[in-house]
Every structure is written in C-alpha cells, then in structure tokens.
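Student: Could we go through this model together? I would like to start with the backbone and then turn to other topics.

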Amino acid sequence: MSRLVYILNGPNLNLLGKRQPEIYGRVTLADVEAECRALAGELDLAIRFHQSNREYELIDWIHEARNDAGGIVINPAAFTHTSVAILDALNAFDAPVIEIHISNVHKREPFRHHSFVSARADGVIAGFGTQGYGLALRRVARLIDEQAGRA
Ligand code: CA2
C-alpha cells in the first residue's frame, strides 16, 4: 500500500492559533503541518497537507487520494456535522481513514455530537488538541504497516 497520506482540514481551520485559543489552543495550522512533516519523516511516510473552506475542494482531494494514497487523516471541521457529500467521497476511498477533532466535540454543543464522517472512519480522535494529528498519523502508519505485513 502507498505510504502517501493526505491530511485534510475543513473550514475555518486556517484561523487555528489566531482566534479562540481557549478552545483550539495557540498552535497554528502551519505549526501542525510542520509537526506532521517531521513525524512523517520518522514514520517513513509522505504527506499532502491541505486546508479549504470549500466543501468541493475537500471532496476533490479525497477523490485524488483514491489514485495514490494509502490513508487519509481528516478534520472536516463544521462539515463533520453536515456533510453527506464528504461521507460519500470517503466511502469511495478504500484505505484507512482517521477522523480527528482538536476539541472534545462531545463536551460541546449537542449539534457537534453527531458526525457523518464517523460512519466511515476507521478511528476517531477528539479532545487531544493539535497533538491528535500526530496520533492519527501514527495510527495510519501502523495500519499501512499491518496491511503490508510489516507490523
Ligand atoms: O475540534 C475540532 O477540530 C472541530 O472539528 C473544529 C471545528 C468545529 O466546527 C468542529 O465541531 C470541531 C471548527 C474549526 C474552526 O477552527 C477555528 C480555529 C480557531 C479560531 C476559529 C475557528
């Protein structure tokens, strides 16, 4: 299986570290990308790291991942709670999918308790702050290794 992993981020995550630090912390999305790149090197993974405020762009990246990726880590942000279209796209992707949320969505408003994406995700991480990205990447690496008979 390919060792390329897509790390996809949904709407408003470009504001990470710049607003609402009490919920999302002070780490920026550029910091998260740098941490993921360093960890990917250790795990012998390649990554493509993207953020968009547009649902169709996230869907297009998921379609692109079908051609060449061995896994997807996705924080769909608010689309988590609304998007059947992103769920449908992920259902057409055959390798591991890990859903990640920076905050503990279950401790927040009831409308954040339901995720369409969780119906497809192989694992869900919530409430570990931005550290969750690294945990998700480690899990995808393990699943790829297991698939390849390396773990
Ligand atoms: O906890 C998460 O990672 C969320 O996916 C973040 C989404 C929210 O809609 C989900 O319910 C949970 C919101 C992302 C917005 O990120 C911001 C970061 C800093 C300042 C403002 C927004």
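Predicted model: local features only at pLDDT ≥ 70, side-chain atom pairs only at ≥ 80, totals over all residues.

Student: What is phi of Gln-20 near?

Tutor: Phi of Gln-20 is near 45 degrees, which is a positive value in a residue other than glycine.

Student: And where is the place of Asn-12?

Tutor: Asn-12 sits in the loop between E1 and helix H1, the helix of residues 21-24. Its phi is near 75 degrees, again a positive value in a residue other than glycine.

Student: Changing topic: how many salt bridges does the count come to?

Tutor: The count comes to 11 salt bridges. One of them joins the side chains of Asp-145 and Arg-3, with an N to O distance of 2.8 Å.

Student: Which parts does that pair tie together?

Tutor: Asp-145 belongs to helix H5 (residues 131-147) and Arg-3 to the segment before strand E1 (4-9), so the pair links parts that are 142 residues apart in sequence. In general, side chains of opposite charge can pair when their charged atoms come close.

Student: Now the ligand. How many residues surround it?

Tutor: The ligand is surrounded by 17 residues, and the closest are Asn-75, His-81, Ile-102, Ser-103 and Arg-112. The shell divides into nine nonpolar, six polar and two charged residues.

Student: Which polar atoms lie by oxygen atoms of the ligand?

Tutor: A polar backbone atom of Ile-102 is 2.7 Å from a ligand oxygen. For His-101, a polar side-chain atom lies 2.9 Å from an oxygen atom of the ligand. For Ala-78, a backbone N or O atom lies 3.4 Å from a ligand oxygen.

Student: How much of the ligand does the protein bury?

Tutor: Taken alone, the ligand exposes 510 Å², and the protein buries 95% of that.

Student: And which pocket is the space taken by the ligand?

Tutor: That space is the largest pocket.

Definitions and conventions
Residues numbered from 1 in each chain as written. Heavy atoms only, no water. Near = heavy atom within 4 Å. Polar contact = N/O pair within 3.5 Å; in protein donor to acceptor, adjacent residues only side chain to side chain. Areas by Shrake-Rupley, 256 points an atom, 1.4 Å probe, with all protein chains shown as cover. 1 Å grid on protein atoms, 1.4 Å probe; cavity = no way out; pocket = protein on both sides within 12 Å on 5 of 7 lines; lining within 4 Å. Sits in = over half its atoms within 2 Å of the grid points. Nonpolar A, V, L, I, M, F, W, Y, C, P; charged D, E, K, R; others polar. Salt bridge = Lys/Arg side-chain N within 4 Å of Asp/Glu carboxyl O. Helix = DSSP H or I, 4+ residues; strand = E, 2+ residues; numbered from the N terminus.
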